[in-house]
Amino acid sequence: MQQRKDDDFSELFEPQNRTSEFVAGVISSGFGRQSVTTSGEHVVLTGSKVAIGKMLTLCKAIDTVAKTVDVSVSWVEVSSNTASGRGISLAATILGARFGASLGTANAGTALSLKNTNFELVIDALNTDGRFKQVSNSRLVGEDRTKLDLIVGNETPTVASTGNDNAGNRVQNVLYRPSGVIIDVAPKVLGSGRIRMDVDAQISSFKATSTGVSGSPTLIKRQLKTTVSMNDGDVIVLGGLDDSQSTDSTSALPFVPASWSVKSGDKIKTDLVLVVSARIFTN
């Protein structure tokens, strides 16, 4: 690490709209780590008088009011008794005819993009079809480039490890793990006005463990993790989390042999799609 020179000067800058960490990060990128440190809400600039003058100019330029991003996220479950037809495809059929939509791809799989529309109208359109069921509805509001977290569910005790104490007694290390609807988003407003957003969304629950480690529940989780880019107010539908369940039933008269019974079965396919929208507000 470069040492401070004897003829270096120092200057304090107190940001009014941004955090000291944000300002220091920008200055460090332009002038080097040795040129800036933070002290509480202050930024300490170090260097020659000419360098400090340039750094102060940059500090004032980036010390602007952060934009606020309003993010709406909803899990929607799609049910079908046929093996064909993914949830995202069914959503494209309904939403494409009503709003106009384009199918594309994202890191997590297929994506459906709807421009110049409204998040609530999209949800209402899906709810008009009996195959779609809204299972969660979340709204997160925060500053640009800030991670936003939402958890709606329970903290469940699970066994993280086991061992013996000094007396030889068997002890367990219990870890409480969240389950339910968990949404993590990190929106970044780009210079063009577009929004780039890291999305990590899951629906999870615990059930009794039937195999493996006894005494600790098993986490059943469906998770979507991706990065998407959208214009202000766009709605994006992400798909790819499917599950299939089979139900078997037997019908027969009570006085006939069991071999005469009639067996029937239904295969129910469910697919989770994530509806995401974001809007920018200037404070």
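This is a short tour of a predicted model, stop by stop.

**Whole chain.** Start with everything displayed. The chain holds four helices and 14 strands, and 37% of its 283 residues count as buried. Of the contacts between residues at least 6 apart in sequence, 66% join residues at least 24 apart.

**Colour by pLDDT.** The mean for the chain is 81, and 79% of residues reach 70 or more. Select residues 42-47 next: this is strand β3, where confidence is highest, at a mean of 96. Then move to residues 102-106, strand β5, where confidence is lowest, at a mean of 50. Over residues 105-109 the pLDDT stays under 50, and the model gives them 11 contacts beyond four places in sequence. Residues 245-257 also have pLDDT below 50, with 19 contacts beyond near neighbours in sequence.

**The three-stranded sheet.** Together they form an open sheet in the order β1-β3-β2, paired antiparallel. Which strands stand at the edges? They are β1 (9-13) and β2 (36-39); each has a single partner strand, so one side of each lacks a neighbour in the sheet. Neighbouring strands here are turned by 25 degrees against each other on average, direction ignored.

**A closer look at β1 and β3.** Five bridges join these two antiparallel strands. Pick out Leu-12 and you will find Val-44 of β3 opposite.

**The helix on the sheet.** Finish with residues 20-31, helix α1, which packs on the sheet and touches β1, β2 and β3. The direction of α1 makes about 170 degrees with that of β2.

Note on methods
Residues are numbered from 1 along each chain as its sequence is written. This is a predicted model: local features need pLDDT of at least 70, side-chain atom pairs count only at pLDDT 80 or more; totals for chains, interfaces and linings use all residues. Side-chain values use heavy atoms; hydrogens and water are left out. Buried means under 20% relative accessible area, exposed over 50%, partly exposed in between (1.4 Å probe, protein chains only). Contact means heavy atoms within 4.5 Å. pLDDT is the predictor's confidence in each residue, from 0 to 100. Two strands pair if DSSP finds at least two bridges between them. Axes are lines fitted to C-alpha atoms, for helices over the stretch in contact, and angles run from 0 to 180 degrees between N-to-C directions.
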